[in-house]
Amino acid sequence: MCIFTFLCNESNSNYPASGKIERFCVYKRKSQLAGFLLEFLLGFGIGHLTVGRIAMGVCKLILGMTPLIFKIIVCIVSAVSGDKSDATFSSFLILNFLLIFMTMAYGIWWFVDIFMFAFNKYPDGKGIDLKAW
């Protein structure tokens with residue numbers, strides 16, 4: 001049985017890495033720089049979506065957009081209702097604390113993601129290491 005080893009340049013990788021004998025350098029690796037910059041500048045999981053980590057990107061997109069959407073709804077409801085009772089104020093206060101907590105959780109997640117992309121600790125969606133910058 002012959003075992004062939006192919007040395008790929010840094011842009012490509014052996015994929016799929018199955019038990020087949022013929023493996024070629026045909027899989028173009030995703031860029032660490034693109035993922036880092038998009039995650040740093042845009043956030044909301046765009047860097048994850050770019051490198052093929054769809055589930056993580058969608059989760060981060062939902063968590064990042066939820067406080068913004070809720071805050072807009074709270075502002076519209078408070079402007080339209082005109083109700084200044086204590087019950088309405090306390091319910092809006094509780095909702096605002098929840099939104100602040102969600103925003104802080106998203107900010108921590110964004111900060112961790114920046115370091116994970118910077119130190120190339122995330123693989124792409126197929127488990128292949130990102131092309132280092």
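Colleague: What should I know before we start?

Modeller: This is a predicted model, in which local features need pLDDT of at least 70 and side-chain atom pairs count only at pLDDT 80 or more, while totals for chains, interfaces and linings use all residues. Residues are numbered from 1 along each chain as its sequence is written, and side-chain values use heavy atoms, with hydrogens and water left out.

Colleague: How do the elements of the chain run from the N terminus on?

Modeller: The order is β-β-α-α-α-α. Helices (H or I, at least four residues) and strands (E, at least two) are DSSP runs, numbered from the N terminus.

Colleague: How many aromatic pairs does the rule give?

Modeller: The count is 7. Rings of Phe, Tyr and Trp (its six-membered ring) pair if their centres lie within 6.5 Å; planes under 30 degrees apart count as stacked, over 60 as edge-to-face and the rest as tilted.

Colleague: Why is the pair of F40 and W110 called stacked?

Modeller: Their ring centres are 5.8 Å apart and their planes are at 25°, so the pair is stacked. F40 belongs to helix α1 (residues 32-41) and W110 to helix α4 (residues 86-118), so this pair links distant parts of the chain, 70 residues apart.

Colleague: What about F44 and Y106: why is that pair stacked?

Modeller: The centres of these two rings are 5.7 Å apart with planes at 25°, so this pair is stacked. F44 lies in the loop between α1 and α2 (46-50) and Y106 in helix α4, so the pair ties together parts 62 residues apart in sequence.

Colleague: Is F44 buried or partly exposed, and what about Y106?

Modeller: Buried means under 20% relative accessible area, exposed over 50%, partly exposed in between (1.4 Å probe, protein chains only). F44 has 28%, so F44 is partly exposed; Y106 has 13%, so Y106 is buried.

Colleague: How do you know that W110 is partly exposed?

Modeller: W110 has a relative accessibility of 24%, so W110 counts as partly exposed. F40, at 40%, also counts as partly exposed.

Colleague: Which residues make up the largest nonpolar core?

Modeller: There are 6 residues in all: F36, V51, I114, F117, Y122 and L130. A nonpolar core is a set of buried Ala, Val, Leu, Ile, Met, Phe, Trp, Tyr and Cys residues joined through side-chain atoms within 4.5 Å.
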